[in-house]
Amino acid sequence: MKKCLAIILSVCMTITLTACNGVQSGQSSINSSVAESKPQHTETPSSERSNESSSEQSKSESDNSAPVQANDTDSNILIAYFTWADNTKVDDPSAIDVDASTSASVLVPGNAAKIASWIEKRTGGDLFSIIVDEPYSSDYDECLDRAADEKAANARPTLKTRVEDMEQYDTVFLGFPNWWYTVPMAIHSFLEEYDFSGKTIVPFVTHGTGGLASTIQDIKADLPNSEVLEPIGVYRPEVDSSRPAVEAWLDSLGYTDDKSANSETENNERKLKMTVDGQEIAITLYDTPAANSLYEMLPLDLDFEDFNSVEKIAYLDSPLITEGEPDSFDPDVGDLCYYVPWGNLSIFYKDFRNSNSLVSLGRIDSGMEIILGMTGDFTVTLERAE
Ligand SMILES: Cc1cc2nc3c(=O)[nH]c(=O)nc-3n(C[C@H](O)[C@H](O)[C@H](O)COP(=O)(O)O)c2cc1C
């Protein structure tokens, strides 16, 4: 019977949701405060510059084991999210076919986590991963079955992570996938565990072809005394390229980027064009010392290679100026960076930990799918777009 339900769901998702794909924004609000600055992740990041002999040349690890409650910021914004990848165990991540639509999201970071990290970058809020006591199966059908059972029973899965001081937060960004046309039942567990009265809630949803379905109305029922802001919904296959849309949504809610909010004379971002196999990738280059010195070198022909299935890297003939740059950077998918010890550009196509000597240069605005499609080495031309 459950298998039948799963099949029906898949068919419905395919038929119904083709009309709902893409990034959608539009509903509710929020607020609140809390916990740790890094989410709990269940797997060890794979990308380490292991061929480095000098430890000072290796990217440093952030503390992935930090307790979820150990909040070390005074932010009044909490970014709480539930994602399957943090709520399952994958014995052999390398055996997962990331192209298989049914299994992609068991690998960290999950879709909701990716969006959460962009919100963190913009707002400086505290990340909090909602994790159930009893992990879900990493098998899609089994996970579907349990989720269906929990929905049918109106269950409240016990949570193992807890926000220590919810009072701290005025605004709570709340992220989750659409599960069976509604929220994972752990979201109800979370919403019932704290008092959200007077707080602003900002939902962000990732989904298959089913869109937001009844997710927003269902969380609103748990939040009678909160203001729920306009949500954003991001279609699963478009998550990796959705950062500009997420940032536009944040802009629309008033969470503006300090840099872009400044006057144009202070913000000298420039557009670059990267051409590979006749296809164009659009890049915004920031107004920073390292980015400015890269700009002066253009145009450049660059040979990219893969590094640890996380980033594409290309070595520069001469170093960039990095005086005045921060000591470290926490890269996301789509970030263009410079790794000082090796003198290489990096385009991250997977999220990675905060890394020493990594300098942010810019971001991919469009064409990330072209990078993702590059399986071997490739040569690009990088030039000014103006
Ligand atoms: C148990 C389960 C139920 C799902 N139900 C739906 C659904 O009803 N409608 C839909 O559009 N997507 C559904 N999906 C797809 C997820 O919403 C989508 O893959 C999402 O991007 C996953 O986000 P995550 O990586 O943060 O977990 C379901 C996925 C799972 C695992």
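This is a predicted model: local features need pLDDT of at least 70, side-chain atom pairs count only at pLDDT 80 or more; totals for chains, interfaces and linings use all residues.

Student: What makes α2 largely enclosed by the rest of the structure?

Tutor: A residue counts as buried when its relative accessible area is under 20%, and 12 of the 13 residues of α2 are buried, so the helix is largely enclosed. Among them are Ala112, Ile115, Trp118 and Ile119, and the buried residues of α2 pack against β3, β4, β5, β6, β8 and α6.

Student: Why is the aromatic pair of Trp84 and Tyr140 called tilted?

Tutor: The search of the whole structure finds 14 aromatic pairs, and in this one the centres are 6.0 Å apart with 45° between the planes. Planes under 30 degrees apart count as stacked and those over 60 as edge-to-face, so the remaining angles are called tilted, and 45° is such an angle. The pair links distant parts of the chain, with Trp84 in the loop between β3 and α2 and Tyr140 in helix α3, 56 residues apart; Trp84 and Tyr140 are both buried.

Student: How do you know that the charged end of Arg384 sits over the ring of Tyr295?

Tutor: The distance must be within 6 Å of the ring centre, and the direction within 35 degrees of the ring normal; the charged end of Arg384 sits over the ring at 4.1 Å from its centre. The charged end of Arg270 also sits over the ring of Tyr295, 4.6 Å from its centre.

Note on methods
Residues are numbered from 1 along each chain as its sequence is written. Side-chain values use heavy atoms; hydrogens and water are left out. Rings of Phe, Tyr and Trp (its six-membered ring) pair if their centres lie within 6.5 Å; planes under 30 degrees apart count as stacked, over 60 as edge-to-face and the rest as tilted. Helices (H or I, at least four residues) and strands (E, at least two) are DSSP runs, numbered from the N terminus. Buried means under 20% relative accessible area, exposed over 50%, partly exposed in between (1.4 Å probe, protein chains only). Contact means heavy atoms within 4.5 Å.
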